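Grab a pencil and work through these exercises with the structure open beside you. Try each task yourself before you read its solution.

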Amino acid sequence: LLVSKDLGKHLLEVEDLLQKHGLLEADISAQTDRVQALNAAALKFSELEGYQPCDPQIICNRVNHVQTCLEELGELAGKRRKELEDSRQLWAFFQEMEEAEAWIREKEQILAAKTCGRDLSSVLTLTNKHKSMLGELGSRRALLHQTMKRGEQILAKKRFSPGGIQEKMREVRLRWKKLEEVTGLHQQRLQEALNFFQFSAETDDLVAWLQDTYRIVSSDDFGHDDYSTQALLRKHRAVVEEVEKHRAAVLALRKQLALLAPEHRQGVDVQIRVVEVEQLYGEVAEVAVLRQQWLQDALAVYRMFSEVHACEVWVDEKEQWLERMEVPEELDEVEVVQHRCVGGDGNGTRRLGPLPHQRTHRSPPLPRFESLDQEMNSVMGRILDVNQVVQQLVDGGHPSSEEVRSCQDHLNSRWNRVVELVEHKKSQLSSVLKIQNYLLEC
């Protein structure tokens, strides 16, 4: 048993042989104690004096022979254990290499069957799984390095034929290198797919935002009065700022597209999508500018209507006051009327100039009419501002041009009527004063 050349043909068989060898070593150990005891008893016979049943030299030679055989048996047992342990190390190395090869084949099959996903969610899932596999790959790399190191140690001992060991190590190294290349390639494809689907998702989000913004800026709600139009204009300015902020994102689409993998960036759909986004952004920006102008025009119209209303209230008041005014014939009563003209609503300024369609004739201003002239001068400035706003709206092609023109004509007509009444009353008072002064002088 101890000189057997059978060192096992696989790891399990070697383990079995080692187990049997352990039993044999235990038996040898037990027999060693008995042999030592027998040798000690035999040596006593060689030391007897007088009658000696056997020649002492024979006894000593026999004891030495048995001891030598026992020692040789121990050496053989130790040598066989060393050979079996080396065999176990060898077959353990081959088994670990086979497990590494099996693991490599499994991962190669998985990588060969893997796709890069159909959307962003599936790509992210595959990317997380691939990261887990990379972690496992790192752990396996460390284990394989240790196994290769043990193989080199076996080769250094030169107990076994190096051909099979070196071939196995070379084969596993090649397969491992190929696996790392495939893993790196798959990781690159996953990253390219992730970049593409992220680009598509960002583009879709940008399109959705632009569509929502287009619905906002293309609204036909321009308010119903000064306050509501101002509120809409403030909101629209905020929208315009957001549109301007998104300009950089739209301009960056071309650069992002150029960074994608050729198989993704050369697709017709993605190129069409980028062109659609650029066109949609251009439409949104253009309509936003138009809406801002329309809101400003609407605000100008509502402010003009408000100013017209204020002017017409004043015109109504003065028109009624002038129509009720009666020019007396006595000097004292004329002075009272003059005092009323001054004290009614005046602020004190110069006589107003004529408006289109008003009478250009004017009488010399009476001293007491200067306060009314002041007030009319102030209102005249407001009416001129209204006419200027109307002209701007009409020249700009405002949709309500006819309405604002009609409002302008009506206000100018009312104003001309008031101017005529004032001139007429001034003329009457002037005539009465001249007559009364003439009578006094006579």
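**Exercise 1. Find the largest nonpolar core and say which elements build it.**

Step 1: Look for the core. The largest nonpolar core has 26 residues, and those with the most contacts inside it include Phe-199, Leu-206, Leu-210 and Val-243. A nonpolar core here is a set of buried Ala, Val, Leu, Ile, Met, Phe, Trp, Tyr and Cys residues joined through side-chain atoms within 4.5 Å. Buried means under 20% relative accessible area, exposed means over 50%, and partly exposed is in between (1.4 Å probe, protein chains only).

Step 2: Name the elements. Helix 4 (162-217), helix 5 (226-245), helix 7 (253-259) and helix 9 (268-324) each give two or more residues to this core. Helices (H or I, at least four residues) and strands (E, at least two) are DSSP runs, numbered from the N terminus.

Step 3: Another one, of 24 residues, lies apart from it, and Val-301, Met-304, Ile-383 and Val-386 are among its members.

Step 4: Zoom in on one residue. Leaving aside neighbours within four places in sequence, Leu-206 is in contact (heavy atoms within 4.5 Å) with His-246, Val-250, Leu-253 and Val-277.

Before you go on, a word on the source: this is a predicted model, where local features need pLDDT of at least 70, side-chain atom pairs count only at pLDDT 80 or more, and totals for chains, interfaces and linings use all residues. Residues are numbered from 1 along each chain as its sequence is written, and side-chain values use heavy atoms, with hydrogens and water left out.

**Exercise 2. Describe the chain as a whole: which elements does it have, and how much of it is buried?**

Step 1: Turn to burial. Of the 442 residues, 36% count as buried.

Step 2: Look at the contacts. Among those between residues at least 6 apart in sequence, 82% join residues at least 24 apart.

**Exercise 3. Work out the surroundings of Thr-183.**

Step 1: List its contacts. Beyond four places in sequence, Thr-183 touches Leu-111, His-130, Met-133, Leu-134 and Leu-137.

Step 2: Follow the side chain. The side chain of Thr-183 reaches the backbone oxygen of Leu-179 at 2.7 Å.

Step 3: Switch to the partner. His-130 sits in helix 3 (residues 120-157) and is also buried, with a relative accessible area of 2%.

**Exercise 4. Is Ile-216 buried, partly exposed or exposed?**

Step 1: Find Ile-216 in helix 4.

Step 2: Ile-216 counts as partly exposed because its relative accessibility is 47%.

Step 3: See what Ile-216 touches. Not counting residues up to four places away in sequence, its contacts are Val-239 and Arg-291. The C-alpha atoms of Ile-216 and Val-239 are separated by 8.6 Å, though the two are 23 residues apart along the chain.

Definitions and conventions
Polar contact = N/O pair within 3.5 Å; in protein donor to acceptor, adjacent residues only side chain to side chain.
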